[in-house]
Amino acid sequence: MRTALLRSLVALTIAALAMVMATVTAQASVHDKEIDPVFDTNAPGFTVLVTKLTHAQATSRLRSSGITWSSSGGCSNRNNSTCTSFEQVNLATIQGAQTLRSASGCALNVTGGTETGHASGTYSHWNGYKLDYSLSNCIGNYIRNNFTSIGGNKWRSGSGNIYFLESNHWDVTYYNCGGC
């Protein structure tokens, strides 16, 4: 009886140790990868840490900060590439625009949001991480003078957001709200 009980206890202990080792190994492999600024890499299976807004919620926030938006089609349908939509934009993205507006003192006009027609990817317009802004001397000078050039017409803010000067607009990737 004692021997059978001891064997069962040893088998349970070995099984528990195997589970602990598997968990530690899985966590180590997750932590060996580059840290992602948006996903919580400490949570099993990763947890998305974003809040999505409706178009109406986003435009209300932009309007309250004096930020304008425009589209070549004069519309806000997310499924029409000539529209400028904020449907399913990340709260941090809108807050990032508000932070940029208040910190720079520059007028901001958004020309691209979450509508179809932009490049795909995890940190894409469609997924709510990017906004396009009209070019202006004010915003261009602010970005060039206050953020770090990382090459290829790109600048990184102190908070890690990326500002990319394309031919006719600024394409900005917001990983966070920029210090809101």
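**Entry 1: the loop at Asn-153**

I began with Asn-153, which sits in the loop between strand E8 (148-151) and strand E9 (154-156). Strands here are DSSP runs of at least two residues (E), helices are runs of at least four (H or I), and both are numbered from the N terminus. The model is a predicted one, where local features need pLDDT of at least 70, side-chain atom pairs count only at pLDDT 80 or more, and totals for chains, interfaces and linings use all residues. Residues are numbered from 1 along each chain as its sequence is written, and side-chain values use heavy atoms, with hydrogens and water left out.

I looked up phi of Asn-153 and found a positive value near 60°, in a residue other than glycine. Most residues other than glycine have a negative phi. Asn-153 counts as partly exposed, at 44% relative accessibility. On this scale buried is under 20% relative accessible area, exposed is over 50%, and partly exposed is in between (1.4 Å probe, protein chains only).

**Entry 2: Gln-88**

I then turned to Gln-88, in the loop between strand E4 (68-69) and strand E5 (89-90). Its phi is also positive, near 70°, and Gln-88 is not a glycine. With a relative accessible area of 33%, Gln-88 is partly exposed.

**Entry 3: Arg-156**

Arg-156 belongs to strand E9. Its relative accessible area is 39%, so I noted Arg-156 as partly exposed. Which residues does Arg-156 touch, not counting those up to four places away in sequence? I listed Phe-147, Thr-148, Ile-150, Asn-161 and Ile-162; contact means heavy atoms within 4.5 Å. I also took the C-alpha separation of Arg-156 and Val-172, which is 9.8 Å for residues 16 apart along the chain.

**Entry 4: helices H2 and H3**

I looked at how helix H2 (residues 55-64) packs with helix H3 (residues 91-104), and noted an angle of about 15° with the axes 9 Å apart. H2 is therefore roughly parallel to H3. The axes are lines fitted to C-alpha atoms, for helices over the stretch in contact, and angles run from 0 to 180 degrees between N-to-C directions. Angles under 35 degrees count as roughly parallel, over 145 as roughly antiparallel, 65 to 115 as roughly perpendicular and the rest as oblique.

From H2, the residues Ala-58, Arg-61, Leu-62 and Ser-64 meet Leu-91, Ile-94, Gln-95, Ala-97 and Gln-98 of H3.

**Entry 5: Thr-99 in H3**

Thr-99 lies in helix H3 and is buried, with a relative accessible area of 17%. Beyond its neighbours within four places in sequence, I found Thr-99 in contact with Cys-177, Gly-178, Gly-179 and Cys-180.

**Entry 6: the nonpolar core**

How many residues does the largest nonpolar core have? I found 25, and those with the most contacts inside the core are Phe-86, Leu-100, Tyr-133, Tyr-163, Trp-170 and Tyr-174. Such a core is a set of buried Ala, Val, Leu, Ile, Met, Phe, Trp, Tyr and Cys residues joined through side-chain atoms within 4.5 Å. Two or more residues come from each of H2, H3, strand E7 (130-133), helix H4 (137-146), strand E10 (162-165) and strand E11 (170-173). H3 gives the most, with 4 residues.

For Leu-100, setting aside neighbours within four places, I noted contacts with Gly-105, Leu-108, Tyr-133, Ile-139, Tyr-142, Tyr-163 and Tyr-174.

**Entry 7: Gly-140**

Last, I checked Gly-140 in helix H4. Gly-140 is buried, with a relative accessible area of 3%.
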